[in-house]
Amino acid sequence: MAELHFFTGTMDSGKSTLALQTNHNHAARGRVGRIFTTHDRAGQSVVSSRLGLTHDALEVTDDFDFWKYVVDSLTHGARVDYLICDEAQFYTPDQVDQLAKVVDELQIDVFAFGILTDFRTALFPGSARLVELADRMNVLQVEALCWCGKRATHNARTENGVMVTEGEVIVVGDVDPTVPTPGDDDVEVAYEVLCRQHHRRRLTADRAKAVSLAPEPLPFG
Ligand SMILES: Nc1ncnc2c1ncn2[C@@H]1O[C@H](COP(=O)(O)OP(=O)(O)O)[C@@H](O)[C@H]1O
Ligand SMILES: Cc1cn([C@H]2C[C@H](O)[C@@H](COP(=O)(O)O)O2)c(=O)[nH]c1=O
């Protein structure tokens, strides 16, 4: 029986790596798949992992229809055994519904990979729909860590080094602040994974360091 799998974890938890490994393992056994992504850090129509792997992919735009694409491919004689879907948090809920239909009606496996929540801690609509529909939900096992050493569960966004909780939901970026983000040159956007407590307190690694280096207040009233 085909299944809709959803693999999730914070940024930098190994999702794109696992997406490419999953594709490799299935392709190595003679299965034929398609790889999809959208808004990858490395640019259009590519899945990139921080471990250095990259693979060509089909770019998913908001008006892309997975059901139509797969039915058209099959009708034209192509073989499709599975779909790899990276950055699935950015897919629309309708697109996730189409993926579920592909699984149920065409018996094609779908492996979706994406983060659950945005920089404000709100569920991405695509991820929410995946949680609702997936046959299996898997949390990545290699734990990304907060600066305090606890498991990182949340994605924080910084602008010029300061954590923000308001702004556009989609801003492509990296957890490595030395990697420039496309977009506004005046604002340096970066991401940092944090535990919930430090996300709540807006305590990023830099701010924690600054606070710990701050001189003790003088003992005057
Ligand atoms: N220099 C490195 N050496 C070993 N592992 C690394 C290195 N850089 C990144 N990684 C691993 O790569 C993972 C990130 O992989 P990636 O697939 O890009 O993550 P995601 O798609 O979840 O953002 C990290 O969890 C980390 O374990
Ligand atoms: C939290 C958050 C992230 N993004 C962007 C930043 C990255 O380009 C991707 C996540 O990619 P990864 O492979 O999981 O590292 O999503 C965003 O646009 N909005 C957010 O709130």
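## A strand pair to start with

Asn 155 sits opposite Val 193 in β11. That strand runs antiparallel to β9 (residues 154–159), and 6 bridges join the two. Strands here are DSSP runs of E with at least two residues, helices are runs of H or I with at least four, and both are numbered from the N terminus. Two strands count as paired if DSSP finds at least two bridges between them.

A word on the numbers: this is a predicted model, where local features need pLDDT of at least 70 and side-chain atom pairs count only at pLDDT 80 or more, while totals for chains, interfaces and linings use all residues. Residues are numbered from 1 along each chain as its sequence is written, with chains lettered from A and ligands numbered from 1 in the order in which they are written.

## The sheet

β9 and β11 belong to an open sheet of 3 strands, ordered β10-β9-β11 with antiparallel pairing. β10 (162–164) and β11 (189–194) are at the edges with a single partner strand each, so one side of each has no neighbour in the sheet.

## Ligand 2

Asn 155 turns up again here: among the 16 residues around ligand 2, the nearest are Met 11, Asp 118, Phe 119, Asn 155 and Val 172. "Around" means a C-beta atom, placed from the backbone, within 6 Å. α1 (15–28) and β9 each give two or more residues to this shell.

Domain 1 (4–139) and domain 2 (154–213) each supply at least three residues to the ligand 2 shell; the bounds come from an automatic or database domain assignment.
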